[in-house]
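Subject: Structure handover

Dear colleague,

Here is the structure I promised to pass on. My notes on it follow below.

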Amino acid sequence: MKTVRHELVVLGGGPAGYVAAIRAAQLGFNVACVDENDRFGGTCLRVGCIPSKALLESSHLYDEAKNHFADHGLKVSGLELDLDKMMQRKAKIVDTLTGGIGMLFKSNKVTPYNGRGKLRDLNTVIVSGKEDVAIEADRILIAVGSVPAGLRGVEEDGDRIGNSTTALSFPEVPERLVVIGGGYIGMELGSVWNRLGSETIVLEAADRIFPGIDADIAKLADRQFKKQGIKIHTKTFVKSATVKGDKCIVEIQDGDPIECDRVLLATGRRPATDEIGLESIGLETDRYGFIAVNENFETSAENVFATGDCIGGAMLAHKAMEEAIVCIERMAGMPTHVNYDVIPAIVYTHPEIASVGKSEDQLKEAGIAYKKGIGFYGANGRAQTLGESDGRVKVLADKETDRVLGIHIIGARAGDLIAEAAAAMEFGASSEDIARTCHAHPTLAESLHEAALAVDKRAIHTA
């Protein structure tokens with residue numbers, strides 16, 4: 001077996017891993033990055049964020065042409081869905097972005113290794129691939145990410161019953177699709193196939209979809225998705241899902257079984273910390289598989305670090321990237337930090353949903369006195385011209401100091417609008433600061449401005 005040496009080896013080539021490797025190289029480390037897949041980028045670039053957003057955009061355009069172009073005086077005839085072409089476009093985007101990581105590695109002098117990486121000891125990672133390699137390093141960074149979580153009784157076959165990866169590549173539009181889980185992944189991919197013609201049924205065990213986001217926003221989203229034809233059943237517990245011939249049978253508690261063509265299991269993700277050799281360095285996980293780290297992302301094993309999905313917290317690519325950068329910079333002795341109070345989150349359905357900071361429920365639970373303001377898309381000129389008048393922005397501010405504690409948006413391009421909200425909160429802005437900032441007209445961002453004004457009951461365009 002060939003043996004090589006680097007100062008740092010990063011185990012995992014997803015958002016945390018490849019970003020850590022590049023930042024380390026920028027700071028002068030001799031760094032290697034190991035990933036078991038042929039292409040770097042992790043779940044996000046290969047079978048997660050990027051391909052799902054490609055399908056969301058394509059399916060949205062199809063739905064617009066089919067159902068909404070006429071509102072603009074645009075008559076469309078002979079509209080056809082070419083699913084193969086749509087999938088080819090998705091694949092091309094993935095190829096472009098994953099190929100870009102290879103170029104970034106080359107320009108930053110990061111050494112890539114393709115193969116299954118496993119810890120042998122505190123200073124060695126064994127890579128099993130086309131050529132087995134032993135990588136010796138002064139430090140090891142574990143950034144193995146996460147994988148879709150299973151559910152007892154749901155028999156996944158990777159075809160009729162599968163997870164989010166399976167749902168990115170259905171060979172045809174299923175007549176009836178059952179989505180188990182009403183969170184981000186389930187609602188996004190459920191929306192894709194609903195727009196393309198599936199009868200989509202969402203089964204959620206909690207009392208509402210999106211249990212983790214602001215309750216008012218979740219309620220509005222539920223209403224919008226039902227208008228789009230998605231059937232949502234909350235407080236619904238799935239007992240089993242099995243394949244019977246070319247159909248699937250989903251058994252639910254206290255209800256009749258549901259027959260469908262395909263099942264998407266979207267009940268969250270779990271850390272991918274199995275079989276990476278943690279036992280060889282005496283490193284244990286918690287009962288969910290997460291690795292514990294300190295403020296410097298150091299594990300209990302000497303010179304072994306961890307970041308991203310495998311250490312818990314919000315399982316978001318941008319959070320993983322921020323952690324990776326801070327981890328590397330602290331290795332280099334730089335005084336950096338991650339502000340976990342300002343991590344934006346986005347659901348790329350239509351309408352989009354975006355949030356940053358605390359929700360009303362969280363503030364109430366913590367006993368924090370607050371005031372709020374609402375800006376309505378219906379009162380926004382740009383929203384009206386886009387035909388996107390269903391939406392709103394909520395600003396939550398501390399009752400005493402006026403410091404912004406949370407901002408929540410549902411509506412067109414919410415994912416872009418949340419960037420201003422996050423920047424404002426990062427700088428400790430008050431609602432007054434946002435209200436006193438001149439926003440260009442006509443823009444959707446004026447809804448955020450209006451919500452900030454409404455915090456002190458001085459909104460201009462809403463009663």
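Tyr 184 counts as partly exposed, because its relative accessibility is 29%. Please keep in mind that this is a predicted model.

Tyr 184 is also part of an aromatic contact. The structure holds 4 aromatic pairs. In one of them, the ring centres of Tyr 184 and Phe 210 are 6.1 Å apart and the ring planes stand at 85°, so this pair is edge-to-face. Tyr 184 belongs to helix H6 (residues 184-195), while Phe 210 sits in the loop between strand S10 (199-203) and helix H7 (215-227), so the pair ties together parts that are 26 residues apart in sequence.

Next, a helix contact. Helix H1 (residues 15-26) and helix H4 (residues 83-108) have axes that come within 9 Å and cross at roughly 20°. Angles under 35 degrees count as roughly parallel, so H1 is roughly parallel to H4. The crossing of these two helices is left-handed. On the H1 side, the residues in contact are Tyr 18, Ala 21, Ile 22, Ala 25 and Gln 26; on the H4 side, they are Ile 101, Leu 104, Phe 105 and Asn 108. By type, the residues of this contact comprise 7 nonpolar, 2 polar and no charged.

Some backbone details may be worth checking on your screen. Two residues have a positive phi although neither is a glycine:

- Lys 109 has a phi of about 65°. Lys 109 lies in the loop between H4 and strand S3 (111-114), and counts as exposed because its relative accessibility is 69%.
- Glu 275 has a phi of about 55°. Glu 275 lies in the loop between strand S16 (269-271) and strand S17 (304-306), and counts as exposed because its relative accessibility is 65%.

There are also cis peptide bonds to report:

- One joins His 350 and Pro 351, with omega about 5°. Pro 351 is in the loop between strand S18 (345-347) and strand S19 (352-357).
- Another joins His 441 and Pro 442, with omega about -5°. Pro 442 is in the loop between helix H12 (431-435) and helix H13 (446-455).

Regards

Technical notes
Residues numbered from 1 in each chain as written. Predicted model: local features only at pLDDT ≥ 70, side-chain atom pairs only at ≥ 80, totals over all residues. Heavy atoms only, no water. Axes fitted to C-alpha atoms, helices over the stretch in contact; angles between N-to-C directions. Helix = DSSP H or I, 4+ residues; strand = E, 2+ residues; numbered from the N terminus. Parallel < 35°, antiparallel > 145°, perpendicular 65-115°, else oblique. Left-handed = near helix turned anticlockwise from the far one by under 90°. Contact = heavy atoms within 4.5 Å. Nonpolar A, V, L, I, M, F, W, Y, C, P; charged D, E, K, R; others polar. Buried < 20%, exposed > 50% of the residue type's maximum accessible area, 1.4 Å probe, protein only. Phe/Tyr/Trp six-rings, centres within 6.5 Å; stacked < 30°, edge-to-face > 60°.
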